[in-house]
Amino acid sequence: MIDEQKPSVAHGDGIESYLVEPGSSLAGEITVPGDKSISHRSLMFGAIADGITEIDGLLASEDCLATAAALTAMGAKIEAPETPGDCWRVHGVGLRGLKRPPGDLDLGNSGTSMRLLTGLLCAQGFSSTLVGDSSLMTRPMERVAVPLRQMGARIKTSDGRPPVMIERSQGLVGIDYQAPVASAQIKSAILLAGLYAKGVTRVTEPGVSRDHTERMLASFGVTVVRKGMSVEIEAPGALKAHRIAVPGDLSSAAFFIVGACLTSDKGVTLRSVGVNPTRTGVIEILRKMGAKIDVATAPTAKGGEPVADIRIAKSRLKGINIDASDVALAIDEFPVLMVAAACAEGVTRVSGAEELRVKESDRIRTVVDGLMALGAKVEEKPDGMIVTGGPLNGGEVDSHGDHRIAMAFTIAALMAGGPVRILNTRNVATSFPGFAEHGARLGMTINKETIS
Ligand code: S3P
């Protein structure tokens, strides 16, 4: 059974929207903001490290600021840069230094904050409660609560969803956990708890998920052992603060990569983007579709993440089959990949992608609805969709408050037969503040509106 889609989200005086004009040919060079996953982790690990962690290029989006606010409420001092371009500074309180927060921790729209902090907080000597916005309050949390309870944590959810109520820890023990889905959030929550557990904590996944936690823990001096699909740690004495450089977010770059593939006669260059191989599925999938994407590797960023300049030229895309093995490596890029599929020649079949149903919206449903609203031929499947390429019409698409749906359909508008209005764009700020301005720099016409 597929749940009804969440309702439109109205904030304050009206619904924020974009009115996007079709027909632009993207051109130029931009640097996208910092990686969201790496930014969350640098704040969390910095907060429990010994010493001051300096972070260059931190993503100051609403999701990451929610993580920062939660850590601040628990006694970590986090300093934003005084002049733009300077580093953030996290004054670590040490592994045992966090304090009971004065109230519930509100994590807004951020699933990563809630799941990873559940792992961290279930090991603390105080109780805490995690809440979020109307979208986050409907998202599944037992996927992290179940393994953490096996470690000895005392966690309650409400029918599997937030609020997540965490009781004071009475000590954790390491487990050997076979995760049912490839999910970096599950893996990271367990590893965070493992920093405090007795014995070895091991997670084995059925597929590859992003490995930023493993890389960053190692950069903080923790011994991380990787064997095949498993990763294991033992509680360290301390995490050692250091300087981290956060590369540009490939998930944000993906919107302009697809936009450039579809329209760019002169070419687009995206500077200093993170190209961790556990994230580059979007590039591989687009190349299989026929995209011309050049990845020029630059020196690895401090913190152990590979970085590259990405150059994209207009390409003739064709439909392909995408199955479960491709999904985890491009999980956040499916909305915009399906836009590429709708503009490609032939049929794209996606299967094994049921995880998309539990993101900020049910992304199988919201993508299918959005493409249909623009006249595309698309069929919804329980675990994916079938998209037949063809012309798109102008029209109206509701993002249902999902940032990546809003941005994906902004890109779809480039190829539409008339203007496209995208409703509920406020949450773009959760991951990509300045998205519309970056688009404008590459030649897009995006008018911001508030509809009452
Ligand atoms: C993330 C992991 C992914 C991804 C999310 C960020 C992370 O979720 O969709 O946007 O930072 O660990 P899952 O691990 O649940 O697939």
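From which domains does the lining of the largest pocket draw at least three residues each? They are domain 1 (15–33 + 247–451) and domain 2 (36–244), with bounds from an automatic or database domain assignment.

## Basis

The model is predicted: local features need pLDDT of at least 70, side-chain atom pairs count only at pLDDT 80 or more, and totals for chains, interfaces and linings use all residues. Residues are numbered from 1 along each chain as its sequence is written, and side-chain values use heavy atoms, leaving out hydrogens and water.

## Largest pocket

The volume is about 710 Å³. A pocket here is an open set of points on a 1 Å grid over the protein atoms alone, where a 1.4 Å probe fits, with protein on both sides within 12 Å along at least five of seven lines; lining residues have an atom within 4 Å of a point. The volume is the space filled by probe spheres set on the points.

The lining has 42 residues. Nearest the centre lie Ala182, Ser183, Ala328, Ile331 and Lys359.

## Aromatic pairs

There are 6 aromatic pairs in the structure (Phe, Tyr or Trp ring centres within 6.5 Å, the six-membered ring for Trp; edge-to-face is over 60 degrees between planes). Phe256 and Phe432 pair edge-to-face, at 6.1 Å centre to centre and 85° between the planes. They sit 176 residues apart in the chain. Both are buried (under 20% relative accessible area, 1.4 Å probe, protein chains only).

Phe256 and Phe432 also belong to one aromatic cluster with Tyr18, Phe255 and Phe435.

Note on methods: Rings of Phe, Tyr and Trp (its six-membered ring) pair if their centres lie within 6.5 Å; planes under 30 degrees apart count as stacked, over 60 as edge-to-face and the rest as tilted. Helices (H or I, at least four residues) and strands (E, at least two) are DSSP runs, numbered from the N terminus. Buried means under 20% relative accessible area, exposed over 50%, partly exposed in between (1.4 Å probe, protein chains only).
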